[in-house]
Amino acid sequence: MEYKIMKSVMGESEGIAESVRSQLKENGVVMINIIGSPGAGKTSLLEMTLDHFRDTFSLAVIEGDLATSRDAERLKRESLPMVMINTDGGCYLQPLSIQSALNEFDLSSLDAVLIENVGNLVCPAHFDLGENCKVAVVSTTEGDDKPIKYPLLFREADVAILNKIDLAQYTNFNIDSFKRDLKQLHDTIPLFEMSCTNNSGMAAWYEWLESKITGPAV
Amino acid sequence: MHEFSIINNLIKIILDIAEEEKLQRVTSITLRIGDLLHIVPETLVFAFDSVVKGTICDGAVLELEHVPVTVQCRSCSITFTVTENDFTCECGSGDVEMIGGKEMVIVKLDGDT
């Protein structure tokens, strides 16, 4: 006998993400989900960002890592609320872990939560964590074909970051091809070219992030 | 490799329905999957066959229906299917809204009471 179902497979996960979003909204907290491949510079971006906004906003970090606490060690700052989620080999963060992590924070005292997702361009793109924005981070040392090879992430992302722009001259990274593919995939996505090492191009990112934190709730 | 997590969610939903409907055996499940998700069918079926062992879904067929990536242009309102990851409308605008291609829906199941 046939039974019609029409039910989303990720329904439970989507429900948790929605409740996370409501919880954040009630507390006026913006959550940013940073996704990128291993070595793209997600932790460096966070380090720079935390230092830049040290005296401006109350930020907290959720650090997702496969196996170690090395990134969390790098990010340790005096009075920075941080929760580390060790996924034990899991290649993405799930909304349930985020919900538990948020319970560790005093949300009423925060402006924003920054999530560093597990280094991976595929699986994290699939999961809504209840964030307000997804940020896709890639770097010039990875090759210029990342957007077209990982279309879901670059379609889902609200902003794209091209890091290690200072190293582009030493690689065969074709920036025109990168931009053409990105535009074809997601025409309206803002792209920030930067180097977290020499601090170039960071201002546009800070400005964008500030506008999200201070802007109207979404 | 989140195919196992997808299958675990799927099985949980199926077993709940099977219990409600007092099914003794599930013979097939139809899953609709958006092409933008880039799920590898072989991996999904492998995960399914592994996870259902010893359950009432053991031996069931997992049928996959692919949903092409479809968008609507915010400038000229036409709807089109995206090919080769090109989301640009024929009117030249790239400002489009996703209509289909990201879903993952259990459409139906066949089973015996």
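**Notes on the predicted two-chain model**

1. Let's start with a loop. B:Glu84 sits in the loop between strand 4 (79-81) and strand 5 (96-100) of chain B. Its phi is near 50 degrees, which is a positive value in a residue other than glycine. The relative accessible area of B:Glu84 is 73%, so this residue is exposed. Keep in mind throughout that this is a predicted model.

2. A second residue to look at is B:His38. Here too phi is near 50 degrees, positive although the residue is not glycine. B:His38 belongs to the loop between strand 1 and helix 2 of chain B. With a relative accessibility of 46%, B:His38 counts as partly exposed, whereas B:Glu84 is exposed.

3. Now for the inside. The largest nonpolar core has 78 residues, and helix 1 (residues 3-20) of chain B gives the most to this core, with eight residues. Within the core, the residues with the most contacts are A:Ile98, A:Leu102 and B:Leu10. As general background, nonpolar side chains in soluble globular proteins tend to be buried together. Apart from this core there is another one, of 29 residues, which includes A:Leu59, A:Leu80, A:Ala112 and A:Phe192.

4. After the helix comes B:Lys22, with a positive phi near 55 degrees.

5. On to the interface. The contact involves 26 residues of chain A and 38 residues of chain B. About 2,800 Å² is buried between the two chains, with carbon and sulfur atoms giving 59% of that area. On the chain A side, A:Tyr3, A:Val9 and A:Arg155 lose the most area to chain B, together 25% of what that side buries. As for A:Arg155, its charged end sits over the ring of B:Phe87, 4.5 Å from the ring centre.

6. Last, the aromatics. How many aromatic pairs does the structure hold over all chains? There are six. In one of them, the rings of A:Phe53 and A:Phe57 have centres 5.3 Å apart and planes at 45 degrees, so the pair is tilted. A:Phe173 and A:Phe178 also form a tilted pair, at 5.4 Å centre to centre and with 45 degrees between the planes. Both A:Phe173 and A:Phe178 are buried. A:Phe53 counts as buried at 1% relative accessibility, and A:Phe57 is buried with a relative accessible area of 12%, because buried means under 20%. Ring pairs also bring in A:Tyr206, which forms a cluster with A:Phe53 and A:Phe57.

Methods. Residues numbered from 1 in each chain as written. Chains lettered and ligands numbered in written order. Predicted model: local features only at pLDDT ≥ 70, side-chain atom pairs only at ≥ 80, totals over all residues. Heavy atoms only, no water. Core = buried A, V, L, I, M, F, W, Y, C linked by side-chain atoms within 4.5 Å. Buried < 20%, exposed > 50% of the residue type's maximum accessible area, 1.4 Å probe, protein only. Helix = DSSP H or I, 4+ residues; strand = E, 2+ residues; numbered from the N terminus. Phe/Tyr/Trp six-rings, centres within 6.5 Å; stacked < 30°, edge-to-face > 60°. Lys NZ or Arg CZ within 6 Å of the ring centre and 35° of its normal. Contact = heavy atoms within 4.5 Å. Buried area = accessible area lost by both parts, 1.4 Å probe.
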